[in-house]
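Here are some notes to read alongside the structure. Keep the 3D view open and click along as you go.

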Amino acid sequence: MNSITDVGGILVGHYHRLDPDAARGSGWARGVTVVVTPPGTVGAVDARGGAPGSRETDLLDPANSVRYVDAVLIAGGSAYGLAAADGVMLWLEEHGRGVALAGGVVPIVPGAVIFDLDVGDWACRPTAEFGYAACEAAGVEVDVGTVGAGVGACAGVLKGGVGTASTTLPSGVTVGALVAVNSAGNVIDQATGLPWMAQLAEEFGLRPPPTDELATLAQLESPLSSLNTAVAVVATDAALSPAACRQVASTAHDGLARSIRPAHTPVDGDMVFALATGAVEVPPPVDTPAAFSPETALVTAVGSAAADCLARAVLVGVVAAESVAGIPTYRDTLPGAFERPRR
């Protein structure tokens, strides 16, 4: 399905509240997205930029004790949105997921937030109800665009959103990515109306828009706060150690840097979570030097694929986005980019 859920066992759920007449300062325009993992999924994270908002990320350090992740939360509402994790934990507890201890289970739910409080009413923020409802809605079909954590998102001068993508490596390993794009930088070059990567323009079938549309795009300025963040989850069915997962998360950040300019700024809290379900064992190449980790070749391949998937997912989120609170969208501003040339 060209989705992170192509990694077996990974499920995604959205929940949001969106008033049709939401505007800056009024109405609901907030949501959350939850990635639910199969049991035994190893997790890691890599944070970049100067304004992260997160929970349970220290636990994902490979040097620490807990290896497995039960779900990952991406929420709107800035730091207030972290309250949605309580609902995710409750849902997981009801389903027997978490670290098993004498008195019950403790679900492991790392998460991160985007700043979207300038869209809609500042006081309308995700609660535990949002996290629980997103888990209830989790499945293999993933809606994109103005959904879940992407409802109030912006991508530079245009509307942001949730995107996803996947690929399968020659080894049979599947790699997928999901991202909530709420970046300070632009995903679309205002000079050309096309994504920064020519390869993505070709893959999505985009063509240079007419000059009048480019003139409109060139005049756009972001009407919102400079506080932003792109939060992503990359996943694979390969068997990886926590340290290897951490390296995959680090490499996957290249996907943000390729597709968003600038990325990782002081006003972005860009963060990539990496998940490995462990369903596919890939032996190391026979010529791997004895001094190298046996995971070296696999981590290189998975990390590279994760970066490619993440770059595609960023564009998916922006291309699919629908307007909220008058924020211009790519499709509405540059419809000519989708027109096929006449023969």
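**Notes on the predicted model**

1. Start at A83, which counts as partly exposed at 31% relative accessibility. On this scale, buried is under 20% relative accessible area, exposed is over 50% and partly exposed is in between, using a 1.4 Å probe and protein chains only. A83 sits in the loop between β5 and α1 (84-94). Helices (H or I, at least four residues) and strands (E, at least two) are DSSP runs, numbered from the N terminus. Leaving aside residues up to four places away in sequence, A83 touches P126, T127 and A128, where contact means heavy atoms within 4.5 Å.

2. A word on ground rules. This is a predicted model, in which local features need pLDDT of at least 70 and side-chain atom pairs count only at pLDDT 80 or more, while totals for chains, interfaces and linings use all residues. Residues are numbered from 1 along each chain as its sequence is written, and side-chain values use heavy atoms, with hydrogens and water left out.

3. Now the overall picture. The protein chain has seven helices and 14 strands. Its radius of gyration is 19 Å, close to the 20 Å that the globule rule gives for 343 residues, so the chain is as compact as a globular protein of that length. That radius is taken over C-alpha atoms, and the rule is 2.2 Å times the number of residues to the power 0.38. The C-alpha trace spans about 60 × 50 × 35 Å along its principal axes. Of the 343 residues, 54% count as buried. Among contacts between residues at least 6 apart in sequence, 80% join residues at least 24 apart.

4. The C-alpha atoms of S304 and D121 are separated by 40 Å, and the two are 183 residues apart along the chain.

5. Next, have a look at strand β2 (residues 29-36). How many of its residues are buried? Eight of its eight are, so to speak, under cover: the strand is mostly covered. A29, G31, T33 and V35 point one way, R30, V32, V34 and V36 point the other way, and all are buried.

6. Which strands pair with β2? Strand β1 (residues 11-18) runs antiparallel to β2, joined to it by eight bridges, and R17 has R30 as its bridge partner in β2. Strand β5 (residues 71-75) also pairs with β2 in the antiparallel sense, over five bridges; here the bridge partner of T33 is I74. Two strands pair if DSSP finds at least two bridges between them.

7. T37 is found in the loop between β2 and β3 (42-47). T37 is buried, with a relative accessible area of 2%. A polar atom of the T37 side chain lies 2.6 Å from the backbone oxygen of V69. Not counting residues up to four places away in sequence, T37 touches several residues, including I10, V69, R97 and L275.

8. On to the rings. There are four aromatic pairs, counting rings of Phe, Tyr and Trp (its six-membered ring) with centres within 6.5 Å; planes under 30 degrees apart are stacked, over 60 edge-to-face and the rest tilted. Y15 and F130 have ring centres 5.0 Å apart and planes at 85 degrees, so the pair is edge-to-face. Y15 lies in strand β1 and F130 in helix α2 (residues 128-136), so the pair ties together parts that are 115 residues apart in sequence. Y15 is partly exposed at 24%, while F130 is buried at 1%. Ring pairs link Y15, W28 and F130 into a cluster.

9. Finally, charges over rings. The charged end of R125 sits over the ring of Y80, 3.5 Å from its centre, and R331 lies over the face of F338, at 4.2 Å from the ring centre. The rule asks for NZ of Lys or CZ of Arg within 6 Å of the ring centre and within 35 degrees of the ring normal.

Definitions and conventions. Polar contact = N/O pair within 3.5 Å; in protein donor to acceptor, adjacent residues only side chain to side chain.
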